[in-house]
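Subject: Structure handover

Hello,

Here is the structure I said I would pass on. My notes on it follow below.

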Amino acid sequence: MTVEQKVKMALSYAGMSQAELARQLNTSPQNLNIKIKRGTLTKDELERIAEILGGVWIAEFQFPDGTRI
């Protein structure tokens, strides 16, 4: 699943529009849409989006022995 798909699903789950998310991120809806489509959201931006939506962004590698990086 792409980051774009995840953001759209999270917005739907939280009942928020992408335009409202952009306002809360202090950016334009057009700029946010471009970043989502191109997959250029930073880790900090993804964490902020999760916070606004009431969740947590977690990205990691997990190995069979339980090691997480």
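I start with helix α4, where L46, I49, A50, I52 and L53 are buried (buried means under 20% relative accessible area, exposed over 50%, partly exposed in between, with a 1.4 Å probe and protein chains only). These residues lie on the same side of α4, because they cover an arc of only 160° around the axis; the arc is that of the directions from the helix axis to the C-beta atoms. In general, an α-helix has 3.6 residues a turn, so residues three or four places apart point the same way. The buried residues of α4 are covered by elements that include α1 (3-14) and α2. Exposed residues K43, D44 and E51 sit on the face of α4 turned away from its buried side. After α4 comes G54, with a positive phi near 90°.

On provenance: this is a predicted model, in which local features need pLDDT of at least 70 and side-chain atom pairs count only at pLDDT 80 or more, while totals for chains, interfaces and linings use all residues. Residues are numbered from 1 along each chain as its sequence is written, and side-chain values use heavy atoms, with hydrogens and water left out.

The overall picture is as follows. The protein has four helices and zero strands, in the order α-α-α-α along the sequence. Helices (H or I, at least four residues) and strands (E, at least two) are DSSP runs, numbered from the N terminus. The C-alpha atoms fill a box of roughly 45 × 25 × 20 Å along the principal axes. Of the 69 residues, 20% count as buried. The accessible surface is about 5100 Å², and 54% of that belongs to carbon and sulfur atoms; areas come from the Shrake-Rupley method with a 1.4 Å probe, and for residues only the protein chains shown count as cover. Among contacts (heavy atoms within 4.5 Å) with a separation of 6 or more, 38% are between residues 24 or more positions apart.

Q18 belongs to α2 (residues 18-24) and counts as buried because its relative accessibility is 19%. Leaving out residues up to four places away in sequence, Q18 touches K8, L11, P29, L32, N33 and I36. With N33 there is also a polar contact, side chain to side chain, at 3.2 Å. A polar contact is a pair of N or O atoms within 3.5 Å; within protein, one must be able to donate a hydrogen and the other to accept it, and residues adjacent in sequence count only if both atoms are side-chain atoms.

In the loop between α2 and α3 (29-38) is N26, which has a positive phi of about 60° although it is not a glycine. Most residues other than glycine have a negative phi. N26 counts as exposed because its relative accessibility is 71%.

In α1, A10 counts as partly exposed, at 30% relative accessibility. M1 lies in the segment before α1 and is exposed, at 65% relative accessibility. Setting aside neighbours within four places in sequence, M1 is in contact with K6 and M9.

At the other end, I69 lies in the segment after α4 (43-53) and is exposed, at 62% relative accessibility.

Regards
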